[in-house]
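Dear colleague,

I am passing on the structure below, and I would be glad if you could look it over alongside the notes that come after it.

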Amino acid sequence: IEGLVNLRLILVSGKTEDFTFSPNDSATDIAKHVFDNWPAGWEEEQVSSPSILRLIFQGRFLHGNVTLGALKLPPGRTTVMHLVARETLPEPNSHGQRNREKTTESNCCLLL
């Protein structure tokens, strides 16, 4: 259907399912739709709430109010995103836990 965005969502387990959304749909709308229409083959990955479903696009978490239109996804083509269950999102511009741990590890040997 013209103007709609095809999304192929991939779970950590590798299972995929295709969905169709409007460019006006936000990451929160998508999470709710997927939760309400949970695919038959995904029973093992079922989550308790749509609020912990997160989308990852090109390696970045999509924050809840980002719309598909804002991502300038090509209409008529299928865009692949990862769907993960995660309580909290990393803050934008944060380097994540891994980098912080590395920094503290390397500082341990500076005492002379």
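This is a predicted model: local features need pLDDT of at least 70, side-chain atom pairs count only at pLDDT 80 or more; totals for chains, interfaces and linings use all residues.

Residues are numbered from 1 along each chain as its sequence is written, and side-chain values use heavy atoms, with hydrogens and water left out.

In helix 1 (residues 27-36), A27, I30, A31 and V34 are buried (under 20% relative accessible area with a 1.4 Å probe, protein chains only; exposed is over 50%, and partly exposed lies in between). Seen down the axis of helix 1, these buried residues fall within an arc of 100°, so they line one face of the helix (the arc being that of the directions from the helix axis to the C-beta atoms). Their cover includes strand 1 (5-10), strand 2 (16-21), strand 3 (53-57) and strand 5 (78-85); helices (H or I, at least four residues) and strands (E, at least two) are DSSP runs, numbered from the N terminus.

E45 lies in the loop between helix 1 and strand 3, and, leaving aside its neighbours within four places in sequence, E45 is in contact (heavy atoms within 4.5 Å) with L11, S13, K15 and W38.

Finally, Q58, in the loop between strand 3 and strand 4 (60-61), has a positive phi near 50° although it is not glycine, and Q58 is exposed, at 64% relative accessible area. K72, in the loop between strand 4 and strand 5, likewise has a positive phi, near 55°, in a residue other than glycine, and K72 is exposed at 71%.

Best regards
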